[in-house]
Each structure stands twice: as structure tokens, then as C-alpha cells.
Amino acid sequence: MIEQLGNIPWAIIAPLIIVQLILMIVALFDLRKIHATNGTKILWVFIIVFVNLLGPIAYFIVGRKQT
């Protein structure tokens, strides 16, 4: 198992993980401060946290109510 971890191209994967974490944190903070969303807030929390990379992007495109 240790040998398999050595074969992972971390130079490609690490930036993707960092971008995903940043998007998730920003989306959760935005969800906390916004008053109106398309759908329930708890549903958006689950989408943001469990749908990797696409969940936060979907929240910013679809989840926020346009005023």
C-alpha cells in the first residue's frame, strides 16, 4: 500500500484538493450569511460537502437566489 502512495502524481492532485477545499469553505461561509436560497439550506450543505468540486460550483450557479 505504501508503494501505491508513492506512485500518485501529487503535483497534479494536490492543487485540485486545495482548490476544492477553498471552494467548499467559501461556499459554506456564503451559505451561512445569505438569507434566501433556491432550496433548503441543509440540502445545499450536503451538496457542497459531499459532491466534490461540483457541489460548491453548483451552489454558486444555481443555489443562490438572484435579487
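User: How much accessible surface does the protein have, and what percentage of that surface belongs to carbon and sulfur atoms?

Analyst: Bearing in mind that this is a predicted model, the accessible surface of the protein comes to about 5,200 Å², and 74% of that area belongs to carbon and sulfur atoms. Of the 67 residues, 19% count as buried.

User: What secondary structure does the protein have, and in what pattern along the sequence?

Analyst: There are four helices and zero strands, so that reading along the sequence gives the pattern α-α-α-α, where helices are DSSP runs of H or I with at least four residues.

User: Which residues form the largest nonpolar core?

Analyst: That core has seven residues, namely Met24, Ala27, Leu31, Ile34, Trp44, Ile48 and Tyr59. Helix 2 (10-33) and helix 3 (41-50) each supply at least two of the core residues, and the largest share, three residues, comes from helix 2.

User: How many aromatic pairs does a search of the whole structure find?

Analyst: The search finds three aromatic pairs. The ring centres of Phe46 and Phe50 are 6.0 Å apart and their planes lie at 15°, so this pair is stacked, the cut-off being planes under 30 degrees apart. Phe46 and Phe50 are separated by about one helical turn because they are four residues apart in helix 3. Phe46 is partly exposed, with a relative accessible area of 47%, while Phe50, at 62%, counts as exposed. Elsewhere, ring pairs link Trp44, Tyr59 and Phe60 into a cluster.

User: Is Asp30 buried or exposed?

Analyst: The label follows from relative accessible area, and since buried means under 20%, Asp30 at 8% counts as buried. Asp30 is found in helix 2, and, leaving aside its neighbours within four places in sequence, Asp30 is in contact with Tyr59, Phe60 and Arg64.

How values were computed:
Residues numbered from 1 in each chain as written. Predicted model: local features only at pLDDT ≥ 70, side-chain atom pairs only at ≥ 80, totals over all residues. Heavy atoms only, no water. Core = buried A, V, L, I, M, F, W, Y, C linked by side-chain atoms within 4.5 Å. Buried < 20%, exposed > 50% of the residue type's maximum accessible area, 1.4 Å probe, protein only. Phe/Tyr/Trp six-rings, centres within 6.5 Å; stacked < 30°, edge-to-face > 60°. Contact = heavy atoms within 4.5 Å. Areas by Shrake-Rupley, 256 points an atom, 1.4 Å probe, with all protein chains shown as cover.
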